[in-house]
Structure formats: C-alpha cells, structure tokens
Amino acid sequence: MPDIQVHPEPATRVRQGGRAVPGPSSGMAAAWSAAAVTVPHAVGLGLLAFAPLAGAHSLAALALWSAALPGLLLTLAAPRAGVVYAPTTVVALLFAAVLATAHGAAPALGLSARQVLAVAGATAALAFAFQWLLGVLRLATVARFLPISVTHGFAAGVGLSMVLGQVRNGFGSGAITDERMAWHAVAALAVAALAWWLRGRWPRMPGLLTAVAAVALAVALAGLWGAGLGDVFAAAVAPSAFAGPLLPDWSGIPWLALAQQHGQPLVVLALLMALVNSLEILVFNQELELDHGLRGNANAALRRESALGALCALAGMIPASTSASRSRIVLAQAGPSPEAPRWHAAIMLGVALTGPWWLHWVPMACLAGGLVLAGLMQVPALMWSARYARGSRVTWMQSWLVALVFAVLGGVGALVTGLVVATFVLLHDSAAKVLRHVRLDGELRSRRLRRAASEGWIAPRMNQVAVFELQGVMSFGVAAHMAEQVRQLLQPRHRWVILDAARVPAWDSTALAQLRALVRDLRQQGVAAAVAGLVDEAAEHAGEGVRCFADLDRALEWAEAAILSQRPVQQRPRRSNGEPLGEIGEGVPHAARVALEALLTRQAVPAQGVVFHAGDADQDLLIVQSGHITLVTQWPPDHGLRLATVGPGMVFGEMAFLNGLPRSASAGAERGAARLVRLARADFDAWARQHPEAALTLMNNLAQMGARRLAVTTRQLRAVLE
C-alpha cells in the first residue's frame, strides 16, 4: 500500500553523468530516518497489542522484541533493495484484537498468559497461512485492477487512522477527556513541528528521532527543575529490568473448547489480517515496479513473507511485513539501497537491547507526536494538492472517500468501499470509452472490388451506413450506455448500422439482452443492424434476430450489397457470357477481341477450391466468369486476412502477369463454385505483336482498373488511420 510521500531532498543526492545517485552515507541516514518512525510506531503498537499481558511479563520487552526480531529475520532471509520490514499497523492492530479475544477466553478456559500468547500466535500463523494461499492463487494479478484513487485512499486512511488514534487516547494521556490531554497535545505537536523543521533544515539528519529525544529531554529537565510536570506526562512504559521475549506455552490448551466457543471470531480476524496485509504488500510491490523500476515477483514475495510471518507468530511475536511507509523514506533518501534495510534492522535490534533502560524516560506524548507526523506524511502528497483536486476532482474525491471510511470504520469498511469504488470506476471508464471510433459518413468500405458502374452507384450512398467500433468488456451498464449512445448519434439518413465488436473480449447475458433490444428498436425504425467480430460464445447466445458477420469487412460488404439492391433494374449491368474478357476488354476492336478470346483457357473452381497460393510462379491473368474469388494472405480464408473479393467480369492476378514475380497472395472460391478464364503471358505477348493498338487499349484498361483499386485501398487505409 502506498504510504508516506517523502520526496528526495537535494542534499541527499549527488550528480553523476547527469543522473541523481545516492550520496555516500545516505543509506545509514535513511535507515535512521526510517527507524525514527519505526520506534514510536512499532513500539507503540506493541504496547497496545500486549497490554493484556502487562501483569505477567515486561510490557517493554514484549513490544521491543516484536519491533526488532521479526523485521531482522525477514531482512536476513529475504533482503530486497530499498524495502524495510517491520510490524505494520494492520497486522499489529489485528494481532491486538486476537490477543484480546484469547485473553477474554482465558478465565473460562483456564489459560495462563503464555497459553494466551500461544493461542494468539496460532491465530496469526493461520492468517499468514491464508496469505500464503493467496500468493499461490496469484492475488497480484487482481491487485493490478485497483485504480489509483483506491490505493491513495488506503494510504491516506492508514495515516488518518494513526492521527485519530493519537487524538482519541489524548496523545498518550489515556483519553481525550483526560485533564492532562492539553499538555500531552502540546508535547506531541512540538515533536511534530520540530521534526518537520529539522527535516527541512538538515534533510540527512533523522529529524523525527532527534525531535522525540529533544522534547523528552525537555520534559525530564522541567520535572527535575520542579516545574510541576513530573506527574503530568505518562511514560511510554513503566520502569523494568531487561527481559527476553515471552515464549508461548503450547501444552495443556483446550483447543476443541476454544474452537467451539471462539473459533469463528478468531478465524474471521485471521482472514481479515491475511486479506488486508496481502493487499498492502501487493499494491506496494506494484508501486515499486512502476515508480522505482524495482521489478520482482509480488506473489513470490507474498509467499516468502507468509512463511516467515507464521514462524514469528508461533514464537509469540507480532509478525513483520513489508512496511511501505518506512520503505518510502529509504527510497526517497537513498534510492534502492541494499544497505539501508540492514542498517534499519540493526538499529531496531539495538533499540530492543537497550530500550528497557531508557524507554520509560520517553513520555508517551513524544511517541504520539511521532505517530501524528508519520500519519500526516502517509497521506499521498497529491491528496493535499489544490491543483490536483481541481484537475482530477472525481479521483480526488474517491481517494478521500476511501480514506475517511478507513479512518472511521477501519480496514474492512475501506476494503469494501475501495472495491465498490474500483468497480464503479471501471464501469464508468468502460462506458465512457466503449465507442472507440464512430463512422457516420461512409468513410469505411469493404474489400469487395466492383466494376466502375457499381462503384459509381455505391460511393455517394455510403453515408447511409453508420459504423460503431466498440471496445472493452461489455457488461450490463456498459452495454446500456453503448445502446443509448448509438441511438443518439444516428441520423435520419442512416439505413444500415454496423457494430464492430472485434475489440470486445466478453459479453455478459445482460449485455446481449441490451444488444438484442437495440437491434429490435432499430428494425422498428427501418434501420438494418449487424454485428461484426462477435466472439463465438456471444454469437451463439445473441439470438436469431441479430445478424452476425465474422469481421467488419464482410459486414460492410453486406451493407454495400444492400445499397446495390436499390439500384433501378435498367441501371443494373447485364450479365453476358459472351464477354469473357470482362472489364479489360472494353474498347478492344472486335477482330482483336475474337483473336484474344481464342487464346483463353477455361477453369472451373469448386467451392473452397484454390486457384493459386502465395509464392506460386505462374503468371496467368485470370478473369471471373461466374461466382466470386477471394484473395487472402493465406489459404484457407479463416487463417489469413482478406485482401479483396472479385466478381463476374473482374480481373485478378494482374501483379504477377505484369511484373513476372511470384504470387503475393492466395486466391480461391470461398463462398461457392466459380468459373474462370486464364490468359497466359506468352499468349498475350504473341497476340500483342499482331494487334499492337488493341494491346495498348487492353493495358490502358488494366492500368485504370489498378488505379481504381489503389484509390479504394488508400481510402480504406486513411479511414483506419484516422
């Protein structure tokens, strides 16, 4: 989860080759800065979590060892440059809830303090087993779909929760109504203000830790000088001698009775810990890749942290995890430094070893001030930006909605709210962009080639055809928005509508119902509709009233054929088997025509039969007598791209005929049987020597035909590029 937004300070970096790189001692300085957050954060949460066991063991020892050892174990076993491991807010608070539940069951079940710790550890270990399973199921692929408004909201929610938590407990005084709360608030705000000033004045110095020490020293001196503050400020912990970790007692626990009485709430807490902590890890790993170029397998990281987290839980400590807040501090000050995480772990181990002798001198108000500053810094900087709020108002409001829900209702409510927001954002964006292109003026044409007279009839009437290119997953709301937009954009002149669904990977049942309703409404208005590129499963369930085509090209051919069917009978070309030369024979003298026709050889092509393949060496010119021939990049047509379809009287294969090169495409009868005539290049050359003027006319016809086809291709390409 994105946490504290800390930007690199100029003093922490030097220039090498025009690129900013960490300074020589920035790794240690960054570690001290991160530890300055970890000490009040992890120790404070540890004190809260282990409060029920205060009478049985040193509370300072419980908090300090949980703050240091699990993070040290992860740092040694799974080191990652720039990534700091420490107890996180969610895990610590949920561990506290588990421990409180187990402690509440202790009197009835006769559990000792060490047995209560064992129950809490087993529940936390179960949570990390769930987390490991989520890594096995590749939850990282799901986290990628969270919009930035949700991730920012989670980060801000954690920060606001830290701040509100300090306000509720009176900044360490115990409660907001405590009469000492004012003094505690002054000390806490003094720590936050001093740390902020020190950070701006000396960026490489651990300002927060220095501020905590300075204010704690001031409070102690004021007490020694008789200022009456000795009993005002509550210490972080009571004075205690050095003690090691409290080891759980796994013997004699009535597990069956515990499961019957408290199993459900404990399992729910374990599931919640697994889900929320996994989400934090995955989102932050995504941020590492996008913002810092630190690529890694997020699911592997999830599994690795789960195994070590379960081990720490079974040892009676709060498990550590990837701490985005402290990692951000390290990445901002030292970049992807491999030394800073190790220094941080060493510093925390030193704190755990020496803490019993000095932690009781630190007022809780100083730790509260550190948590207040850390919480405010955890809110992404963009969320404080008025410019961002004006420019991205919806995203900004969604982020604050998730953050406020997190602060008020906790992580569960924020998780549900975030998923709801993410769903509506996805649906809204999908609906807003469902129409990728809209062609209302007949810019697109099929690859079906026709003779000049037919082209002259179709071209000015193609503005009656509207083409809507769709994209994205077609769900219920998206399909409804699409249908509404189509109805609004259609104009009275449109008689045919084509919905190109080639970029729609999936349709749900409600979306198909919307599609059927749209086709029905258009039919009632006298508009014929067709869908192109519909996926096979959707095409099977689209319904009989929906006309479907394999691709947009064939749907356009359907519309062109419908336009041609409106042509008056007297303007339609006459089909005559007495003109085997077709369009290239126009203007050729009768005697020369008869001589050339005598050289033609006839060929019958069955349905799905092949005329030639790409790469064939023959150079014959072919003329369609009946049926249709399809030219594709690869035969059969389902495996290639359709380049053109030619009908009776039209010529194909002219490129090899003219330049003598191998065939550049395949040709065959895709839809039914066809009849052709062939003209060999050698026969044509012999005929041309005898009839040079007729040969010039035929070549001129062939050139004009090629020019028309090139113009059609250019128009299609321009429409696609636009």
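Four strands form an open sheet in the order 10-17-12-15, and their pairing is antiparallel. Strand 10 and strand 15 (651-652) lie at the edges with a single partner strand each, so one side of each has no neighbour in the sheet. This description rests on a predicted model.

## Strand 17 and its partners

Strand 17 (residues 674-679) has five of its six residues buried, so the strand is largely enclosed by the rest of the structure. Strand 17 pairs with strand 10 (residues 601-605) in the antiparallel sense, over five bridges. Within this pairing, Thr601 has Arg678 of strand 17 as its bridge partner, and Val605 has Ala674 of strand 17.

Strand 12 (residues 621-626) also pairs with strand 17 in the antiparallel sense, again over five bridges. Here Ser626 is placed opposite Arg675 of strand 17.

## Helix 2 against helix 12

Turning to the helices, the axes of helix 2 (residues 59-77) and helix 12 (residues 339-358) come within 8 Å of each other and cross at roughly 155°. Because angles over 145 degrees count as roughly antiparallel, helix 2 is roughly antiparallel to helix 12. The crossing of these two helices is left-handed.

On the side of helix 2, the contact is made by Leu64, Trp65, Ala67, Ala68, Leu69, Leu72 and Thr75. Helix 12 contributes Pro341, Arg342, Ala345, Met348, Leu349, Val351, Ala352, Leu353, Gly355 and Pro356. Sorted by class, the contact of helix 2 with helix 12 has 14 nonpolar, two polar and one charged residues. Arg342 of helix 12 takes part in this contact and belongs to the charged class, whereas Thr75 of helix 2 and Gly355 of helix 12, also in the contact, count as polar.

## Helix 6 against helix 16

Helix 6 passes helix 16 in a right-handed crossing, whereas the crossing of helix 2 and helix 12 is left-handed.

By class, the residues in the contact of helix 6 with helix 16 comprise 13 nonpolar, eight polar and one charged.

Conventions
Residues numbered from 1 in each chain as written. Predicted model: local features only at pLDDT ≥ 70, side-chain atom pairs only at ≥ 80, totals over all residues. Heavy atoms only, no water. Axes fitted to C-alpha atoms, helices over the stretch in contact; angles between N-to-C directions. Parallel < 35°, antiparallel > 145°, perpendicular 65-115°, else oblique. Left-handed = near helix turned anticlockwise from the far one by under 90°. Contact = heavy atoms within 4.5 Å. Buried < 20%, exposed > 50% of the residue type's maximum accessible area, 1.4 Å probe, protein only. Pairing = 2+ DSSP bridges.
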